[in-house]
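Please look at the model below and follow its chain slowly from one end to the other before reading on. The paragraphs after it begin with charged side chains and then move to the strands, the core and the surface.

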Amino acid sequence: MSASDLTVIHMSEFHFQAVGARHLEHLDSYAELENTLDHLRRYAPVPSLFVITGDLVMGERNAKAGYPRVKQLVEEMTAEFGVPILLALGNGDTNEPF
């Protein structure tokens, strides 16, 4: 595969929280991610891989609720797209619960 055939989708700053919680009191991060994936399905080339960088959750206080949502998302994306998904933690992430 040449570099010109490679389609990398980079996503960042999910800031996942508990279901129904809103980032900055107005943004449902999970719903916005679903909107982004819908857009990709319609308009982007088939991805070769995804790179997802932090912050995956919204601080340590959201690790218990947020990381299972990240895991679910990665499992769903793997099943749908069948390509590698690389994750990198950000400064708002917590290593141990991840």
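The side chains of Arg41 and Asp38 meet in a salt bridge, with N and O 2.5 Å apart; the term salt bridge is used here for a side-chain nitrogen of Lys or Arg within 4 Å of a carboxyl oxygen of Asp or Glu. This is a predicted model, in which local features need pLDDT of at least 70 and side-chain atom pairs count only at pLDDT 80 or more, while totals for chains, interfaces and linings use all residues. Residues are numbered from 1 along each chain as its sequence is written, and side-chain values use heavy atoms, with hydrogens and water left out.

Why are Arg41 and Asp38 separated by about one helical turn? They are 3 residues apart in helix H1, and therefore about one turn lies between them; helices (H or I, at least four residues) and strands (E, at least two) are DSSP runs, numbered from the N terminus. Arg41 is partly exposed, with a relative accessible area of 37%, and Asp38 is partly exposed too, at 35%, where buried means under 20% relative accessible area, exposed over 50%, and partly exposed in between (1.4 Å probe, protein chains only).

Arg41 also forms a salt bridge with Glu80, whose closest N and O atoms are 2.6 Å apart. This pair links distant parts of the chain, since Arg41 lies in helix H1 and Glu80 in helix H2, 39 residues apart. A further salt bridge joins Glu75 to Lys71, at 2.9 Å between the closest N and O atoms, and these two residues, being 4 apart in helix H2, are separated by about one helical turn. Glu75 counts as partly exposed, at 45% relative accessibility, whereas Lys71 counts as exposed, at 52%. Salt bridges that share partners join Asp38, Arg41 and Glu80 into one network, and the count of salt bridges comes to 3.

Turn now to the strands, which pair if DSSP finds at least two bridges between them. Strand E1 (residues 8-12) is joined to E2 by 5 bridges, and the two run parallel; within this pairing, Met11 stands opposite Ile52 in E2. E2 and E3 also run parallel, joined by 4 bridges, and the bridge partner of Thr53 in E3 is Ala88. From E2 the chain crosses through helix H2 (residues 63-81) to E3 in a right-handed β-α-β crossover, which means that, with the strands pointing away from the viewer, the path from the first strand over the helix to the second runs clockwise. Of the 5 residues of strand E2 (residues 49-53), 4 are buried, so this strand is largely enclosed by the rest of the structure.

Which residues have the most contacts inside the largest nonpolar core? They are Met11, Phe14, Phe50, Leu73 and Met77, in a core of 20 residues, where a nonpolar core is a set of buried Ala, Val, Leu, Ile, Met, Phe, Trp, Tyr and Cys residues joined through side-chain atoms within 4.5 Å. The elements that give two or more residues to this core are E1, helix H1 (29-43), E2 and H2, and H2 gives the most, with 6 residues. In soluble globular proteins, nonpolar side chains tend to be buried together.

Finally, Ala88, found in strand E3, is partly exposed, with a relative accessible area of 33%. Leu89, in the segment after strand E3 (85-88), is partly exposed as well, at 32%.
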